[in-house]
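Please keep the sequence and the model open while reading.

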Amino acid sequence: MGPDSFLFILELVITTSLLFLSVYFVICLSDLECDYLNVTTCCQRLNWWILPEAIVSAVSVVLLLAFGHWLLMILSLCLAAYQIYRIQSIPKGNTGIFDPTEVHNKRVLTGLQRESYAKLGVHLVFFFIYLYNMVYSLVQ
């Protein structure tokens with residue numbers, strides 16, 4: 001088992017955790033849309049996971065950079081940069097990306113749901129890319 005195998009096993013674990021986190025975001029936002037959850041509680045739960053998600057994505061980029069997988073690093077960098085941009089662009093009066101006063105707006109909630117679905121799709125694609133690369137590096 002070479003260093004690439006170790007990298008892709010680690011990336012697979014990271015991507016799986018981000019995939020589950022994306023599913024959690026989709027479920028929470030869907031429950032919020034159907035009024036199964038309190039808005040404040042839901043926003044606090046989701047905002048708590050925003051920074052760890054960005055940190056884990058940045059760690060993934062650094063690992064890919066350290067092992068010299070440039071194409072995968074550039075693709076992962078796009079997602080990590082977008083997450084950091086979203087954190088940096090939070091207005092001063094809001095409690096986070098998910099603000100209870102703005103989530104009531106149907107347009108904002110729909111936009112957040114679409115963003116969560118898009119992140120879910122991206123993590124799913126990365127999962128299968130890393131799975132393929134892991135199997136390929138283990139077979140070699």
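Helices (H or I, at least four residues) and strands (E, at least two) are DSSP runs, numbered from the N terminus. By that definition Arg107 belongs to helix α6. This is a predicted model, in which local features need pLDDT of at least 70 and side-chain atom pairs count only at pLDDT 80 or more, while totals for chains, interfaces and linings use all residues. Residues are numbered from 1 along each chain as its sequence is written, and side-chain values use heavy atoms, with hydrogens and water left out.

**Overall fold**

Along the principal axes, the C-alpha trace of the protein chain spans about 55 × 30 × 20 Å. Of the 140 residues in the protein chain, 39% are buried, where buried means under 20% relative accessible area, exposed over 50% and partly exposed in between (1.4 Å probe, protein chains only).

**Helix packing**

Two packed helices are described by the angle between their axes and the distance between the axes. Here axes are lines fitted to C-alpha atoms, for helices over the stretch in contact, and angles run from 0 to 180 degrees between N-to-C directions.

| Helix pair | Angle between axes | Distance between axes |
|---|---|---|
| α1 (residues 3-33) and α6 (residues 106-139) | about 160 degrees | 8 Å |
| α4 and α6 | roughly 155 degrees | within 12 Å |
| α1 and α2 | roughly 170 degrees | within 10 Å |

Angles under 35 degrees count as roughly parallel, over 145 as roughly antiparallel, 65 to 115 as roughly perpendicular and the rest as oblique. With an angle of about 160 degrees, α1 and α6 are therefore roughly antiparallel to each other. By class, the contact of α1 with α6 has 21 nonpolar, ten polar and five charged residues; Ala, Val, Leu, Ile, Met, Phe, Trp, Tyr, Cys and Pro count as nonpolar, Asp, Glu, Lys and Arg as charged, and the others, Gly among them, as polar. α4 and α6, whose axes cross at roughly 155 degrees, are likewise roughly antiparallel to each other. For α1 and α2 the crossing is at roughly 170 degrees, and that makes α1 roughly antiparallel to α2.

Handedness can be given for each of these pairs. A crossing is left-handed if the near helix is turned anticlockwise from the far one by less than a right angle, and right-handed if clockwise. α1 passes α6 in a left-handed crossing, α4 passes α6 in a left-handed crossing, and α1 passes α2 in a left-handed crossing.

**Cavities**

On a 1 Å grid over the protein atoms alone, a cavity is a set of points where a 1.4 Å probe fits but cannot get out, and lining residues have an atom within 4 Å of a point. Grid points are joined across faces, edges and corners, and a volume is the space filled by probe spheres set on the points. By this rule there are three cavities of 30 Å³ or more.

The largest cavity holds about 100 Å³ of space, and its lining includes Glu11, Ile14, His123, Phe126 and Tyr130. At least two lining residues come from each of α1, α3 (50-67), α4 (70-88) and α6, with α1 giving the most, four residues. This lining divides into six nonpolar, five polar and one charged residue.

The second largest cavity has a volume of about 50 Å³, and among the residues that line it are Glu53, Arg86, Glu115 and Lys119. The elements that give two or more residues to this lining are α3, α4 and α6, and α4 gives the most, with four residues. By class, the lining of the second largest cavity has four nonpolar, one polar and four charged residues.

**Single residues**

Ser17 lies in helix α1 and is partly exposed, with a relative accessible area of 38%. Ser17 and His123 are 106 residues apart in sequence and 9.5 Å apart in space, C-alpha to C-alpha.

Arg107, in helix α6, is exposed, with a relative accessible area of 67%. Arg107 and Leu63 are 44 residues apart in sequence and 37 Å apart in space, C-alpha to C-alpha.

Asp35 is found in the loop between α1 and α2 (39-48), and has a positive phi of about 65 degrees although it is not a glycine. At 65% relative accessibility, Asp35 counts as exposed.

Technical notes
On a 1 Å grid over the protein atoms alone, a cavity is a set of points where a 1.4 Å probe fits but cannot get out, and a pocket is an open set with protein on both sides within 12 Å along at least five of seven lines; lining residues have an atom within 4 Å of a point.
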